[in-house]
Number of protein chains: 2
Amino acid sequence: MKLYNRTQIQDVVQLDHDALEAVEAGFRALGEGQVVQPPILSMAIEESNGEVDVKTAHIRGNDRFAIKVSPGFFDNPSLGLPSLNGLMIVFSARTGLVEAVLFDEGYLTDIRTALAGAIAAKHLSRQDSCRATVIGAGVQAELQIAALKLVRDIDTVDVWARDTDRANAYAERMRARFDGLTVNVHGEIDSACREADVIITTTPSKSPLLDAAHLPVGVHVTAMGSDSPEKRELDASVMTRADVFVADTRAQSETNGELKAWAGKAPPFEVHELGHVIASGQSPRTGQDQITVCDLTGTGVQDTAIAGFALSRLTSGH
Amino acid sequence: MKLYNRTQIQDVVQLDHDALEAVEAGFRALGEGQVVQPPILSMAIEESNGEVDVKTAHIRGNDRFAIKVSPGFFDNPSLGLPSLNGLMIVFSARTGLVEAVLFDEGYLTDIRTALAGAIAAKHLSRQDSCRATVIGAGVQAELQIAALKLVRDIDTVDVWARDTDRANAYAERMRARFDGLTVNVHGEIDSACREADVIITTTPSKSPLLDAAHLPVGVHVTAMGSDSPEKRELDASVMTRADVFVADTRAQSETNGELKAWAGKAPPFEVHELGHVIASGQSPRTGQDQITVCDLTGTGVQDTAIAGFALSRLTSGH
């Protein structure tokens, strides 16, 4: 059994095409019905404003599966500690023996979440998408654009965040990271979205930020912020306005994602799943003017896929 | 963050009164409503005849909680490997940071399971119980008796197992382990149970082994084998014959334990919970002739309790 820390993992796993293919293969297997993926285990530690989630999945035929444990303790910043944390345990799918523990402190979650956004855009956004809007200015605001650039030639980013100082700092970071990238900071969501080919919402908001009036013709929206029962980023009008709605998994979107807008009732539109879209080999977008929406809540199969990918790189001396 | 292996853990955690009190305190907190205990996460790996369970719980006010991951791969013996395995991760309940990983390979599960049996007997069996019957001849058949001896002066053990060679081997091990202990091997469950003060069923049976006709007056029965939807050790008649029925948790007994006999319907008797019994300070047994039954399916609070106990011993230089 091997143990790896965050630095070792960061050295070999970044946002690249190989990592994207690994996560996409996980989603494809999910769409093909080749994945066992139990519901998320979630526990609140109320007195510390904390929670812990456990996700897992097994891709049939794979040699390994992973279990991810993600604590989120939201008073940690006042102690000088990060809110998010965690580790992944990689097991042999033949014997159940632990092959490795990846003490990634949430790094692989960041990566697989960003890659899921890129995979959604690959299959749903217009091929000629070059301008992206980001709502929020945190880690995922940065990683989602970095991942999106793997699949679309993004030259301009428009950003809105509740805190304008953070949006300005984000713009500086992004200009420094990506040579030639234009980054515009906006004071209103409306103006931030006006020219968008792709909109990505990356916030922990508990009330909808984006509504149908913000959507330009032909846009693709990825909402990746909502991952728990109390969070929501999209007004119901975004989804009823869209021509295509895709969830990473329907069940999780209903409990933790944007389908909560229908509170257990059937939404008045077809719900696609990202894995089925990939497995079918055919985008549900059938025109340049259509609006597509993808809701990402985070799935165990992404964790199993990225953990397996990380371990293969760690052990191959990559 | 510290890592400990099975040998290190075995050196400091055994079946003793301190460990029993730690697990009993966990059950008491559960009975007092001071525990957050989400449903078990369970995933099958069918092609390897395997499964993995994740259990957790948080005792409000405790500094630590644990998450336990238990793989069971039942073809492993043919590969020369144990079926059961696993580890416990101990987190700070203030920050969510990992304090330790206990690579106990299932040892702490064995211990906390045996202690739960002793706790059940402490609160439910007759004080003068001195003769115990064990159904099954595996690890728990041995540990349950060792733990029971912490709370009752057991001088005689009667054992029945499907495989008589294993029962004979068990008897030899037990005589060697406990000086002066009388161990009788039986060819029939009926004769094994005839003189019992306490009966403990410790098998992975998928059909009931024990029925009401096997129960002597005044006996206490602990059924600890059934911990999944397909297992059962007790015929429904055992529970309808009993004066008192106690589950470690009612919800788990209904899905994974002996209340499955009623298949989602309300059973025709009162269901007590072990934590409530402990918290109330009063045994539901009100007479020497009463028959009591306790169904143990294994709870997250036991894992959090034993992991916290183990880590405190490991770090105190005990």
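A residue is called buried if 20 or more other C-beta atoms lie within 10 Å of its own, exposed if 12 or fewer do, and partly exposed in between, with C-beta atoms placed from the backbone. The model is predicted: local features need pLDDT of at least 70 and side-chain atom pairs count only at pLDDT 80 or more, while totals for chains, interfaces and linings use all residues. Residues are numbered from 1 along each chain as its sequence is written, and chains are lettered from A and ligands numbered from 1 in the order in which they are written.

**View 1. Helix α2 of chain B and its buried residues.** Helices (H or I, at least four residues) and strands (E, at least two) are DSSP runs, numbered from the N terminus. Just after the helix, B:Gly33 takes a positive phi of about 75°.

**View 2. The contact between chains A and B.** Two residues are in contact if their C-beta atoms, placed from the backbone, lie within 7 Å. Each chain contributes to the contact, with 34 residues from chain A and 34 residues from chain B. On the side of chain A, the elements giving two or more residues are β3 (41-45), β4 (50-59), β5 (64-73), β6 (87-92) and β7 (98-103). Because 100% of the interface residues of chain A are also interface residues in chain B, the copies meet through the same surface.

**View 3. The rotation axis relating the chains.** Chain A is superposed on chain B by a rotation of 180° with 0.0 Å of shift along its axis (RMSD 0.0 Å). This is the relation of a two-fold axis. Of the residues of chain A, A:Leu41 comes closest to the axis, at 2.9 Å (C-alpha).

**View 4. The open sheet of eight strands in chain B.** Two strands pair if DSSP finds at least two bridges between them. The order is β10-β9-β8-β11-β12-β15-β13-β14, with parallel pairing. At the edges stand β10 (182-185) and β14 (271-273), each with a single partner strand, so one side of each is left without a neighbour in the sheet. Strands β12 (residues 220-223) and β15 (residues 292-295) of chain B pair over four bridges, and B:Thr222 has B:Cys294 as its bridge partner in β15(B).

Conventions
Copies are superposed by least squares on the C-alpha atoms of residues with pLDDT of at least 70 in both.
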